[in-house]
Amino acid sequence: RLSSLELKDKVEGSRKLAANVQRALFGTLAGASPGIRNRGVREASYVVLTGTEMPSILTEISFVSSPEDETRLQNPAYRQQIAEALYKGIAQYLSSSPRIKIASSSAQPSGR
């Protein structure tokens with residue numbers, strides 16, 4: 001269980017992570033699809049978010065009830081843009097968080 005200070009740090013980290021991911025997603029996707037609305041960042045106490053010790057977010061990329069979203073999601077290039085925007089937002093968060101250590105991408109797999 002997290003102490004109140006740890007919980008405060010986690011919530012603050014989650015807010016920063018969410019803001020970075022939201023900016024990256026909207027900035028990337030709005031250029032290619034001008035009809036996309038910026039729905040901002042909202043807070044919720046879902047178990048998948050509160051049950052972790054690290055900053056955590058949920059991202060709502062599209063709506064199953066939207067024919068426009070369905071059409072866009074059928075395009076592999078659009079899905080790739082989503083993946084790259086998610087990565088960009090996470091990378092921006094990590095680069096602004098000096099206490100977080102990032103594994104090197106040049107490390108060789110251990111084979112386990």
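The side chains of lysine 16 and glutamate 12 come together in a salt bridge, at 3.2 Å from N to O, where the term stands for a side-chain nitrogen of Lys or Arg within 4 Å of a carboxyl oxygen of Asp or Glu. This is a predicted model, in which local features need pLDDT of at least 70 and side-chain atom pairs count only at pLDDT 80 or more, while totals for chains, interfaces and linings use all residues. Residues are numbered from 1 along each chain as its sequence is written, and side-chain values use heavy atoms, with hydrogens and water left out.

Both lysine 16 and glutamate 12 belong to helix 1, four residues apart, which is about one turn of the helix; helices here are DSSP runs of H or I with at least four residues, strands are runs of E with at least two, and both are numbered from the N terminus. Lysine 16 counts as partly exposed because its relative accessibility is 45%, and glutamate 12, at 38%, is partly exposed as well; buried means under 20% relative accessible area, exposed over 50%, and partly exposed in between, using a 1.4 Å probe and protein chains only.

A salt bridge also joins arginine 15 to glutamate 43, with the closest N and O atoms 2.8 Å apart. This pair links distant parts of the chain, since arginine 15 sits in helix 1 and glutamate 43 in the loop between helix 1 and helix 2, 28 residues apart. Glutamate 43 counts as exposed because its relative accessibility is 60%, whereas arginine 15, at 46%, counts as partly exposed.

Further along, glutamine 22 also lies in helix 1, which covers residues 4–32. Its side chain makes a polar contact with the side chain of asparagine 38 at 2.5 Å, a polar contact being a pair of N or O atoms within 3.5 Å, where within protein one must be able to donate a hydrogen and the other to accept it, and residues adjacent in sequence count only if both atoms are side-chain atoms. Leaving aside residues up to four places away in sequence, glutamine 22 touches Asn38, Arg39, Gly40 and Val41, with contact meaning heavy atoms within 4.5 Å.

Glutamine 22 is one of the buried residues of helix 1, which also include Leu17, Val21 and Leu25. What covers these buried residues includes helix 2 (47–50) and helix 4 (76–95).
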